Amino acid sequence: MQKNIVLTYILSAVLLLTSRVSIAELMIEITQGSDSAVPIAIVPFTNKSAGAIPENINKIISGDLQRSGEFEPLPTNRMLSLPSSAKAVYYRDWRLLKQNYLLIGSVEYSKYTKSYKIQYELFDVNQQQRIIGEEVSGGEKSLRDLAHHISDAVYEAVTGVRGAFSTKIAYITLQGSPAAKAKLEYRLQVADADGRRSFTLLKTSEPIISPSWSPDGKKLAYVSFESGRPAIYTQVIKSGRRTLVSSFKGLNGAPAWSPDGKKLALTLSKDGNAEIYRLDLATKKLERYTRHYGIDTEASWSPDGHSVVFTSDRSGSPQVYRMNIYDLEPERLTFEGRYNARPRFSEDGDSLFFVHQSNGSFNIATMNLKTGNQITLTETPLDESPSLAPNDRMLIYSTQRGRKGVLAVVSVDGRSKYFLPSAFGDVREPAWSPFLR
Amino acid sequence: MKAISTKNALALIFSASILAGCASTDTTEDADTNANADANGVAVTDQAGGAEAYGQGDGANVAASELEAQKAEAKRLAKEKEAGALREIRTFYFDFDKSSVKPESRTVLMAHAAFLAANPNVNVTLEGHSDERGTKEYNLALGERRGQSVERFLVVNGVARTQLEVVSFGEEKPATAGHDESSWAKNRRVMIQYK
């Protein structure tokens, strides 16, 4: 009965997939800004059409840039003028306000094409020159996408790093408390990186953990206990189509897509105890990666696909190990403290982010793989599940605030931080998507 | 030399009396638990189990006088009741990041083992759990390892492996919601669920 060798069947999942209506949008609370943030004036975009624009474009952009911790947008009420074209820009005004950059733009609705045309221009106040400018268009539903696209362009023009404002996050929400024996509702949610436009991919009364994005951003793998025991599923985000990929006897956990998207690293205990395996998604072939009576789990691929890092307690306490997939010889990487677990590579492959315990508190730490230097980034007692933005600049993780689980985002230098609490229920297990275009 | 061994002997006697004290306290509490269980009808299964054991006891008592048989029967029933009471305890606790069965769990686990060994058609699920600290997937593996420790204990004591199934829920199903050591201690557990 348990020998269903990676049965790949597609579940219609009509009962499990709910209407994709957002019920629990995440909010944003900035708690700590960076003092080295770049001053930027984002002038309200001029509305060139008769009707109102359903989204406040410049507000979305200034929210994005402010959350990054790398920009400090000027409040509108302090602006001396509100230009919407290059010829109306007086650099002197903006220098007076100590602004380094100026973003202006306009929005125009066409009844003809039922679409919005947004035009924007970014200026360097000190150099007195226009840096970038563009015209983008889309329907009402893509207005937020267009705004995030402009945030990405501004971010990249100023910092030289690709913006990650058009990405998404996946996370799990829980309503009800397991200890209270109340009716529980777990949801696998996907939302924009700013927490907006969330929708439900899976709703069940049993736990869901470990969502993991496919490298193309089109699917999620996760562990669901809906059958009463843990099993790994993949799900196409757009269609909602689900595939059961692993339901062996014992553990089926910690799915992690290989960088080519063709394989999953996962944890199975079918051969006795928690070991890491690689599952080829097309052929269903399993290859065993670890052999040890200790716990081996939480694998994560290096961006080049040549090695995996994972958690093992083979030394007597959980520590982070790395092995290349050709000789499968584990090498211990962490030595500070008795608990280092769930490592994740940065996109550039140069550092690791993981959960580190010190003085009884669980925090997110990072280690530079070249120097071995380790820094702790967070300070609340129960910080978990670090996941990096694809541009390596921000890190999302789960933490406890009061008695509630919330998501928090911290810049990788630890200088800026914000929370993404849900209006109700607990939020946990965040996973930041790769770049989607 | 002699002084030391006397001292040791005294220490032994002392600790034995403490243990005895503990044991008798436990029994009293367990008897209470059982009375409650009887009232709730939970112990019905145990009585059915007792009935099976009765057939075996009957044969052994054939030669004995009726009075002695009654005495033995009363003693057996008391023992049976005690074992049943012990089996009402179905949750076993663990230390942080540890999965070894604690010494204080052994007596009760032995009672479950004896019952399961005598009733090979009864199956149980061993549900492994951890507290909320640490990572979810590591805790899932830890919960399983705790379940496997209990499984091994039961198998060593005569239970067939086919009667046992280990399922781990990691930190996902805490018994209590608090964020302190006393809550965490209650959440690091294996629960025997009779099917």
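How many helices and strands are there in chain B? Chain B has 6 helices and 4 strands, where helices (H or I, at least four residues) and strands (E, at least two) are DSSP runs numbered from the N terminus. This is a predicted model, in which local features need pLDDT of at least 70, side-chain atom pairs count only at pLDDT 80 or more, and totals for chains, interfaces and linings use all residues. Residues are numbered from 1 along each chain as its sequence is written, while chains are lettered from A and ligands numbered from 1 in the order in which they are written.

**Chain B as a whole**

Read from the N terminus on, the elements of chain B go α-α-α-β-α-β-α-β-α-β. Of its 195 residues, 33% are buried; that label takes 20 or more other C-beta atoms within 10 Å of a residue's own, while 12 or fewer makes it exposed and anything in between partly exposed, with C-beta atoms placed from the backbone. As for contacts (C-beta atoms, placed from the backbone, within 7 Å), take those in chain B with a separation of 6 or more: 74% of them join residues 24 or more positions apart.

Start with H3(B), which has 22 residues. Its end C-alpha atoms are 31 Å apart, which agrees with the 32 Å it should span at 1.5 Å a residue; the expected span is 1.5 Å times one less than the number of residues. The buried residues of H3(B) are Ala83(B), Gly84(B), Ala85(B), Leu86(B) and Arg87(B).

Three of these names come up again where H3(B) meets H4(B): Ala83(B), Leu86(B) and Arg87(B) touch Thr107(B), Val108(B), Ala111(B), His112(B), Ala114(B) and Phe115(B). By class, that contact holds 6 nonpolar, 2 polar and 1 charged residues. Here Ala, Val, Leu, Ile, Met, Phe, Trp, Tyr, Cys and Pro count as nonpolar, Asp, Glu, Lys and Arg as charged, and the others, Gly among them, as polar.

H4(B) also packs on H5(B): Leu109(B), His112(B), Ala113(B) and Leu116(B) in H4(B) meet Val150(B), Phe153(B) and Leu154(B) in H5(B). This contact has 6 nonpolar, 1 polar and no charged residues.

Here is how the two pairs are arranged.

| Helix pair | Angle between axes | Distance between axes |
|---|---|---|
| H3(B) and H4(B) | about 110° | 8 Å |
| H4(B) and H5(B) | about 60° | 9 Å |

The axes are lines fitted to C-alpha atoms, for helices over the stretch in contact, and angles run from 0 to 180 degrees between N-to-C directions. H3(B) and H4(B) are therefore roughly perpendicular to each other, whereas H4(B) and H5(B) are oblique. The cut-offs are under 35 degrees for roughly parallel, over 145 for roughly antiparallel, 65 to 115 for roughly perpendicular, and oblique for the rest. H3(B) passes H4(B) in a left-handed crossing, and H4(B) passes H5(B) in a right-handed one. Left-handed says that the near helix is turned anticlockwise from the far one by less than a right angle, and right-handed says clockwise.

H5(B) itself has 21 residues and reaches 30 Å from its first C-alpha to its last, close to the 30 Å expected at 1.5 Å a residue. Because 18 of those 21 residues are buried, H5(B) is largely enclosed by the rest of the structure. Gly158(B) follows H5(B), with a positive phi near 100°.

**Where chain B touches chain A**

The contact between the chains takes 32 residues from chain A and 24 residues from chain B. On the chain B side, helix H5 (136-156) and strand E3 (164-170) each supply at least two residues. H5(B) gives the most, with 8 residues. That side of chain B divides into 10 nonpolar, 5 polar and 9 charged residues.

**Some spots in chain A**

Most residues other than glycine have a negative phi. Lys98(A) is not a glycine, yet its phi is positive, about 60°. Lys98(A) sits in the loop between helix H2 (91-96) and strand E6 (101-110) of chain A, and is exposed, with 10 other C-beta atoms within 10 Å. Ser210(A) also has a positive phi, near 60°, but lies in strand E12 (residues 208-213) of chain A. Ser210(A) counts as buried, with 27 C-beta neighbours inside 10 Å.

Leu420(A) belongs to strand E31 (residues 417-420) of chain A and is buried, with 24 C-beta neighbours inside 10 Å. Leaving out residues up to four places away in sequence, Leu420(A) touches Leu26(A), Ile28(A), Gly195(A), Val406(A), Leu407(A) and Val409(A).

Technical notes:
Two residues are in contact if their C-beta atoms, placed from the backbone, lie within 7 Å.
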